[in-house]
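Please look over this model with me. My notes are meant to be read beside the structure.

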Amino acid sequence: MPLEEYAAKRKFENTPEPPPSNKPSKSAANYFCVQRHDATRLHYDFRLQIDGVLKSWAVPKGPSLDPTQKHLAAHVEDHPVEYGDFEGNIPKGNYGAGSVMLWDYGTFDLLGDVSGDEQIKRGDLKFRLHGQKLNGDFALVHMKNRGKGNEWLIIKKRDEFAAEGWDVEAYAHSALSGRSQEEIANNLPARKSKRKSAGASDRVWESDRPAKRAAKPAAEVKTKSAAVKKKRTLTSRG
Ligand code: MN
């Protein structure tokens with residue numbers, strides 16, 4: 001049920017995005033990720049693994065460590081956990097066509113003693129992130145009686161990780177491959193060493209070969225078979 005909308009929007013023979021598997025997630029960790037998605041409009045997709053799927057919000061301005069910035073987060077369809085390490089290009093003509101960067105990933109702890117599902121139902125979800133870029137306490141708050149009913153705000157709580165004036169676009173490189181959005185769009189290889197800070201000018205290439213995943217996210221989210229992976233690689237060519 002939860003992944004039907006995800007599957008209905010996509011033709012998996014035409015996109016490298018993973019089809020939902022019917023296997024339950026083997027990952028015990030609470031995985032989170034943020035993808036920077038250069039689609040019709042650039043946005044960030046914020047995802048939290050809850051109840052075996054990635055609960056997802058599209059955040060036009062991106063998440064922020066600045067507690068004074070309350071950014072709109074549109075609640076969108078659940079994604080399969082296999083989507084959690086997806087980085088690549090969705091070909092033209094497909095839903096969400098454009099380049100997808102795995103901008104951040106890690107784990108999270110739910111705050112409070114109510115389940116994630118219950119917190120989403122009540123429209124007030126609180127959690128602590130342990131990512132490469134995002135850390136500390138956040139809330140997602142549903143704005144009831146507004147718009148289409150899917151409008152939430154993502155808000156950084158004040159803690160030691162809060163940083164006023166923090167600019168998400170100063171960190172526009174992949175947490176997985178170190179690549180910029182343009183480098184992903186052009187299928188350039190992963191960077192040898194990950195950039196630690198914004199604006200680093202050293203460009204170190206791993207090789208001239210096409211980009212492969214340079215590293216795996218800390219949380220193991222992959223459940224798809226090698227055969228499925230191979231098929232996707234073949235069909236996404238050309
Ligand atoms: Mn998106």
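Predicted model: local features only at pLDDT ≥ 70, side-chain atom pairs only at ≥ 80, totals over all residues.

The points below cover the strands and the nonpolar core.

1. Strand β2. This strand covers residues 42–50. Of its 9 residues, 8 are buried, so β2 is largely enclosed by the rest of the structure.

2. First pairing. Strand β1 (residues 31–38) runs antiparallel to β2, with 7 bridges between them. A hairpin of 3 residues joins β1 to β2. Arg-36 has Tyr-44 of β2 as its bridge partner.

3. Second pairing. β2 also pairs with strand β3 (residues 53–59), again in the antiparallel sense and over 7 bridges. Here Tyr-44 is bridged to Val-59 of β3. The hairpin of β2 and β3 has 2 residues between the strands. In that hairpin, Asp-51 takes a positive phi near 55 degrees.

4. Core. The largest nonpolar core has 38 residues. Phe-32, Phe-46, Trp-57, Ala-73, Leu-102 and Ile-154 have the most contacts inside it. Strands that each supply at least two residues of this core include β1, β2 and β3, along with β7 (124–131), β8 (135–142) and β9 (151–156). β6 gives the most, with 6 residues. In soluble globular proteins, nonpolar side chains tend to be buried together.

5. Ala-73. Which residues is Ala-73 in contact with, leaving aside neighbours within four places in sequence? They are Phe-46, Trp-57, Val-59, Leu-140, Trp-152, Leu-153 and Ile-154.

Notes: Residues numbered from 1 in each chain as written. Buried ≥ 20, exposed ≤ 12 C-beta atoms within 10 Å, placed from the backbone. Helix = DSSP H or I, 4+ residues; strand = E, 2+ residues; numbered from the N terminus. Pairing = 2+ DSSP bridges. Core = buried A, V, L, I, M, F, W, Y, C linked by C-beta atoms within 7 Å. Contact = placed C-beta atoms within 7 Å.
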